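Here are a few exercises to work through with the model open beside you. Try each task before reading its solution.

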Amino acid sequence: MSDATTKETMQFETEVGQLLHLMIHSLYSNKEIFMRELISNASDACDKLRFAALADDKLMADDPDLRIEVEFDKDARTITVRDNGIGMNRDEVISNIGTIAKSGTAEFLKNLTGDQAKDSHLIGQFGVGFYSSFIVAEKVTLRTRRAGEPADAAVQWESTGESGYSIEPITKETRGTEVILHLREDEDEFLDGWRLRSIIRKYSDHVPLPIRMRKEDKPDGEWETVNKANALWTLPKNEISDEEYKEFYKHVAHDFEDPLAWTHNRVEGKYEYTSLLYIPSKAPFDLYEPKQSHGVKLYVQRVFIMEDNENLMPRYLRFIRGVLDSNDLPLNVSREILQSNRVIENMKSGSVKKILGLLESMAKNDPEKYATFWKEFGKVMKEGPVEDSSNREQVLKLLRYASTLNDSDAQTVSLEDYVSRMKEGQDKIYYITADSYNAAKNSPHLEVFKKKGIEVLLMFDRVDEWMMGFISEFDGKSFQSVAKGELDLSKIKTEESEEDKKKHKQEEKAAKKILKKLKKALDEKVEDVRLSERLTDSPSCIVLSEYDMALYMQQLMKQAGQEVPTSKPVLEINPSHPIIKRMEEEKDDERFNGWAQLLLDQAILSEGGQLEDPAGFVHRMNDMMLTLSK
Ligand code: ADP
Ligand code: MG
């Protein structure tokens, strides 16, 4: 048991140790970021207190003006960043600062490239900002008192950033947190009022809280606010520079990189609100986790209410960052109200429209930028048409896919592109899903499409198979998987000659017998055996019913322990393939049955499915190889 009344020394988790080592030794190119991180934490702490005070106004009553203070002491060689925010109790200090049980740290270390500039960008993104203190400090002292707790319940945490830290109870007269940096030997440049002011203005000018320093000539006296502390989103657009938009983004989004794009709007009418929404240039590390650590910030009449990642944006836009500021909500809005509130609904749907509009114009006017966006967020956008049926058509237009017309896995083809290239007589959008680009590209199902020059969209993101299960059409054209259902390409005008058609008719006649024999041989395993319209080079392929899940997907679900309802597939054969021709002549029933099984097994394998009896397959293969070599 740990003892909360005396001083104790504790060890960092291994990962924290590693991280600190990295901070101290390699992130020298942009040292001043420690200030932004500490201010960002102080500002978060004030936001949290404001939210907690909605339910309990005594928490703030004794000192209602939230603020951040920065001080330095040339003789002691320290810098102090202080806030009167929520503070932390002993357990919170240990779990927030001491252990970092956050998934972020491990993820962060995995993502390091060794390139200093790139790595320093990662620090903020992974939420390990507090540790940036150790870039300039050889020792960090954190003194904190949780709002609502008595003065003698405060704690002091201290570490040199090597192996561990100490923690002890102290008395602290004011609520909130104070971080004292004891600077390393050659970091004296930061013991300079002008330098500190310029760093604060550079990174935190529009943090909507006053950041104060003591006046230059009165080191112990009066405070002055050094940042503008105006909420950036309330200013008219033409008074905001791109630089200011970018810096503000880094503050609200906890990101080090510039945003990719933003949209800033004042909406008037039935409901009044301001939105400043950003698209990041990189996906956050937790994009695919069930809950995200950050979201959009909700303000009511410029007062911060909460950061929310569930109610203000739909799931498929969960990467959007920024601010929504409403004039119509009560200041004491709670999380519960957020869940079913007309004002929120209205802001949400208006914001979604703005973002979709922003993406639309990006796709049109700056395709290169859009490609960057798609690379980072495309998979998430594909959840959109299912989740957001009211904007389905608009979101579908934003989707991009690889295609049989391009020789690359780059997802660049839009559904509009596809439709504009459809052949005369073609009324369907053809696509194939697989679990990799190569599996899609080389699928036997594409053979006839390649031959006839009909474009097929290649889909190989996990989300595709799921999404296509819900989407039936675009622009009045229905979607059809080339691996599912019956295929009828007869109405599509292509260069296929009359002669080809004649040949096909003849083959059909000739194949009647072998179809019957195959059905008998595979009776238990397939629904039907028929002649293929799809194949030109392969002897056989599997065709699923339109409502079945693709084989590779069934496989994944089974591995995840899920029940997958399945129906028997149809086996299609290519009558002009030499193997089929050879089989037509086979007199030995047992051998014919073995070959039939091989036709089925290879078709399953090429779909990414798994064989029920792999050893049997190998056995039959070997037998066949032996017959051939005789
Ligand atoms: P992040 O801010 O992304 O969560 P940090 O490493 O910057 O990551 O901070 C870790 C955690 O420590 C914060 O989430 C918060 O819980 C706590 N913390 C840091 N600074 C303060 C502060 N000034 N007041 C209250 N809590 C703080
Ligand atoms: Mg932080």
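**Exercise 1. Find how many aromatic pairs this predicted model holds, then classify the pair made by Phe-34 and Phe-190.**

Solution. A search of the whole structure of this predicted model turns up 19 aromatic pairs. To describe a pair of aromatic rings, we need the distance of the centres and the angle of the planes. For Phe-34 and Phe-190, the ring centres are 5.3 Å apart and the planes meet at 90°. Centres within 6.5 Å make a pair, and planes over 60 degrees apart count as edge-to-face, so Phe-34 and Phe-190 form an edge-to-face pair.

Phe-34 belongs to helix α2 (residues 33-55), while Phe-190 is in the loop between β7 (176-183) and α7 (193-204), so the pair ties together parts that are 156 residues apart in sequence.

**Exercise 2. Which residues form one aromatic cluster, and what sits over the ring of Phe-592?**

Solution. The cluster is made of Phe-319, Tyr-370, Phe-373, Trp-374 and Phe-377. Over the ring of Phe-592 we find the charged end of Lys-517, 4.3 Å from the ring centre.

**Exercise 3. Describe the second largest cavity by its space and its lining.**

Solution. Start with the search of the whole structure, which gives two cavities of 30 Å³ or more. The second largest cavity holds about 60 Å³ of space. Its lining consists of Gly-295, Val-296, Asp-308, Asn-309, Glu-310, Leu-312, Met-313, Leu-317, Arg-318 and Ile-320. Sorting these residues by class gives five nonpolar, two polar and three charged.

**Exercise 4. Check the span of helix α8, then decide whether α8 is mostly covered or mostly open.**

Solution. Helix α8 (residues 242-253) has 12 residues, and at 1.5 Å a residue it should span 16 Å. The expected span uses one less than the number of residues. The end C-alpha atoms of α8 are 16 Å apart, which agrees.

As for cover, 10 of the 12 residues of α8 are buried, so the helix is mostly covered. Among the buried residues are Tyr-245, Phe-248, Tyr-249 and Val-252, along with charged Glu-244, Lys-246, Glu-247 and Lys-250.

Key: Residues numbered from 1 in each chain as written. Chains lettered and ligands numbered in written order. Predicted model: local features only at pLDDT ≥ 70, side-chain atom pairs only at ≥ 80, totals over all residues. Heavy atoms only, no water. Phe/Tyr/Trp six-rings, centres within 6.5 Å; stacked < 30°, edge-to-face > 60°. Helix = DSSP H or I, 4+ residues; strand = E, 2+ residues; numbered from the N terminus. Lys NZ or Arg CZ within 6 Å of the ring centre and 35° of its normal. 1 Å grid on protein atoms, 1.4 Å probe; cavity = no way out; pocket = protein on both sides within 12 Å on 5 of 7 lines; lining within 4 Å. Points joined across faces, edges and corners; volume = space filled by probe spheres on them. Buried < 20%, exposed > 50% of the residue type's maximum accessible area, 1.4 Å probe, protein only.
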